[in-house]
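My notebook is open, and I'm going to look a few things up in this structure. I'll jot each one down as I go.

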Amino acid sequence: MIEKREGHGEDSDPLFLVKGDFCAVGVFDGMGGSGAGKCKSDFGDGHTKAYVASRIIEESVYNYMNYAKSTSEICAERIKDTAKSRLEQEKHKFPLKVSGLRSKLVREYPTTLAVVTCEQKVNGDFTINSYWAGDSRNYLWNSDGFFQISKDDLDTELDPMENLRNDGALSNCVCADREFEINSRSITVSKSFIILSATDGCFGYFPTPMHFHEVLLAGLKSSKDETEWENYIKKEICNVTGDDISLSLCAIGYKNFHSLKESFEHEKIEGFDEMEDLRKEIDNIKNSIEQKKAALEEKMQSEWNSYKANYMKYINTAEHEVASNEESTKDVIDDSKGVSANDESSGLISENTIQEHENSIDDATKTSYAEVHGTLKSEEEIQTLITEFEKEPSESIAKQLMNHCLEMLPAKTREMIGQFLKS
């Protein structure tokens, strides 16, 4: 079991049980989407109902199977009763808050369940029982092939390949607030085999079910012992998955790991190599396209850098003229701010010049002149004064117009006019 987010994985530790001529493997995947609500539990207060559900159901099913007086007692109905009883205990010990939210998607303590049991009969044959609720899967693997022996509980009919691409909604799972079923199937085999349970994080992110099979097979062929095989499977699944993963596997009827490995030495998934060759070819084409896209982008930028100087000739010229005018206007403003410091060089709008003008006009004109002096007017404001003057000519408006228009002149011209008027 590997958690995508350490300490918050919603898969429980897998079930693995061997006693006498009986063994069992199983996995439990808490459904984080429908069981995302937080709850109190023996695991602490910060976990989801999905996290709690997978763990308490795994523990209860393990205990039920481990302490069963006879393997004949183990059946789908009793697994269901065991799960329901454990969920009731949890609700009694940690009462849930009543929520106003009502949705078909919300569940109380939801988890999948996938368990395979195996028992050897007196005649040497083995009875394999597959139990499940949800979309975690059980498998049987022997020299005859790799077989899925559980059917995903979905609200639509999708085969395992279609479900990888369409991700159908679950129609059944273990939970505390609704009825659920434990499905079952029984198979008899007579030769060595492997039983396997896995959550959808193990197989659900591969492009086909064959890819999951290939990971198990390639890992077995390339490993010298169980630990290497386990590490290979972990690595390959974690390279593609976006979920927690848990897997439980038991090989039955083999003398040792070498014997197990030998039995699958010549197994080959028909068509897999050709499928992978096509995938690699597509990957190479994609890489080539990406490289060409990058080269094209670089070429377009390079050619644009050469092309744009002529292309933007008139735009750049206009921008240069605007910048020059703005600089001239800035000079006018700067010169206006400094006139009082040098009366001799800017006689027209110096304090002395203002005084001379004020001595020659009436009080109303003085007030108007003082209000507007030193302020650079826009062309729109000047146009407004012109319109007023045309409607009703007056000395006051005439003087305002004259002063504002003079202010629009370059500093050198204003200085010359100022010196002329003084003399």
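I'm working on a predicted model, where local features need pLDDT of at least 70, side-chain atom pairs count only at pLDDT 80 or more, and totals for chains, interfaces and linings use all residues. Residues are numbered from 1 along each chain as its sequence is written, and side-chain values use heavy atoms, with hydrogens and water left out.

**Cysteines**

How many disulfides does the structure hold? I searched and got 0. Cysteine 173 is in no disulfide, and its nearest cysteine sulfur belongs to cysteine 175, 4.5 Å away. Next I looked up burial, where buried means under 20% relative accessible area, exposed means over 50%, and partly exposed lies in between (1.4 Å probe, protein chains only). Cysteine 173 has a relative accessible area of 5%, so I wrote it down as buried. Cysteine 39 comes out at 6%, so it is buried too.

**Salt bridges**

I count a salt bridge when a side-chain nitrogen of Lys or Arg is within 4 Å of a carboxyl oxygen of Asp or Glu. My search of the whole structure turned up 22 of them. I picked out a few to look at.

- Lysine 40 pairs with aspartate 45, and their closest N and O atoms are 3.6 Å apart. Lysine 40 is exposed at 52%, and aspartate 45 is exposed at 51%.
- Lysine 151 and glutamate 157 meet at 3.5 Å, N to O. Is glutamate 157 buried or exposed? I got 65% relative accessibility, so glutamate 157 is exposed. Lysine 151, at 45%, is partly exposed.
- Lysine 268 and aspartate 273 also form a salt bridge, 3.7 Å from N to O. Lysine 268 is exposed at 61%, while aspartate 273 is partly exposed at 40%.

I also noted a network: Lys80, Lys84, Glu179 and Glu181 are joined by salt bridges that share partners.

**Surface patches**

My patches take residues with over 30% relative accessible area and no salt bridge, joining like charges within 9 Å and nonpolar side chains (Val, Leu, Ile, Met, Phe, Trp, Tyr) within 5 Å. Lys and Arg count as positive and Asp and Glu as negative, with His and the chain ends not counted. Each charge is placed at NZ of Lys, CZ of Arg, CG of Asp or CD of Glu.

Which residues form a negative patch? I found Glu270, Glu274, Asp277 and Glu281. Helices (H or I, at least four residues) and strands (E, at least two) are DSSP runs numbered from the N terminus. Aspartate 277 sits in helix α8, residues 272–311. At 48% relative accessibility, aspartate 277 is partly exposed.

Then there's a nonpolar surface patch made by Trp304, Tyr307 and Tyr311, with about 360 Å² of accessible area together. That area comes from the Shrake-Rupley method with a 1.4 Å probe, and for residues only the protein chains shown count as cover. Tyrosine 307 is in helix α8, and at 51% it is exposed.

I flagged tyrosine 109, which has a positive phi of about 55° although it is not a glycine. Why flag that? Most residues other than glycine have a negative phi. Where is tyrosine 109? I traced it to the loop between α2 (76–93) and β5 (113–120). Its relative accessibility is 0%, so tyrosine 109 is buried.

Lysine 4 is exposed at 51%. Lysine 4 and isoleucine 245 are 241 residues apart along the chain, yet I found their C-alpha atoms separated by 7.9 Å.

Technical notes:
A disulfide is a pair of cysteine sulfur atoms within 2.5 Å.
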